[in-house]
Amino acid sequence: MLYNFIVWTVYLALAPIYRMRVRGLDNIPKGASVICGNHTARVDAVLVVLALFRQGERPALIAKAELFRNPAARWFFTYMGAFPVNRGKSDLAAVKKCLAALKEGKKLIIFPEGTRVKEGAGEAKSGAAMMAIRTNSPVTPVYITPGRKAFRGCDVTFGQPFYLPKPEKAGALAYKEGAEQIMARIETVGTGGRQARHG
């Protein structure tokens, strides 16, 4: 399959550079899940895709619309399971595609902060929480070694999946609170990973 060939090629190219260590694969649930991680480097999404590939997963993910302007790039990213999203505005088409992917039982990779940020400096957007709540999908937090990773070693650590509580009244406030819970869980996974490495 072309997908497997592409992923293996990327893995073999990046393995000696990033020396990725994947932890917590047993925490990844069967079926649909919103995979939410911290985002400090461009390579983060690729590392999560490579980690999920070890479990036989072919996840969907959100990518900025600018990456899809070139026809060849558009074909490639679409084939790899990416959906374009126009950042900074309400993109109903992207939301519908993400909800459909979850309803089909796929994993959906989302970085709640919406863009790359310095560690601890980002603000969570509500999209990931909204999708998890509306599809009743578990959230799987993943913590990725922050900052520059090339030739330094990199951990991708999956935490325990959890469900966001169903709000009595769905809306912006409820989704915002859910997003904050997601970011707290991601940080907890990171704290646990650091303690394990230095304990």
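A search of the whole structure finds five salt bridges, a salt bridge being a side-chain nitrogen of Lys or Arg within 4 Å of a carboxyl oxygen of Asp or Glu. This is a predicted model, in which local features need pLDDT of at least 70, side-chain atom pairs count only at pLDDT 80 or more, and totals for chains, interfaces and linings use all residues. Residues are numbered from 1 along each chain as its sequence is written, and side-chain values use heavy atoms, with hydrogens and water left out.

I'll start with Asp-155. Asp-155 pairs with Arg-23, with 3.5 Å between the closest N and O atoms. Strands here are DSSP runs of E, at least two residues, and helices are runs of H or I, at least four residues, numbered from the N terminus. Asp-155 is buried at 3% relative accessibility, while Arg-23 is partly exposed at 33%. Buried means under 20% relative accessible area, exposed over 50%, and partly exposed in between, using a 1.4 Å probe and protein chains only.

Next, Lys-149 and Asp-44. Their closest N and O atoms are 3.1 Å apart. Lys-149 is in the loop between β6 (139-144) and β7, and Asp-44 is in helix α2 (residues 44-53), so the pair links parts 105 residues apart in sequence. Lys-149 is buried at 2%, and Asp-44 is buried at 1%.

Then Lys-106 and Glu-104, which meet at 3.6 Å, N to O. Lys-106 is partly exposed at 37%; Glu-104 is exposed at 56%. Finally, salt bridges with shared partners join Arg-21, Arg-23 and Asp-155 into one network.
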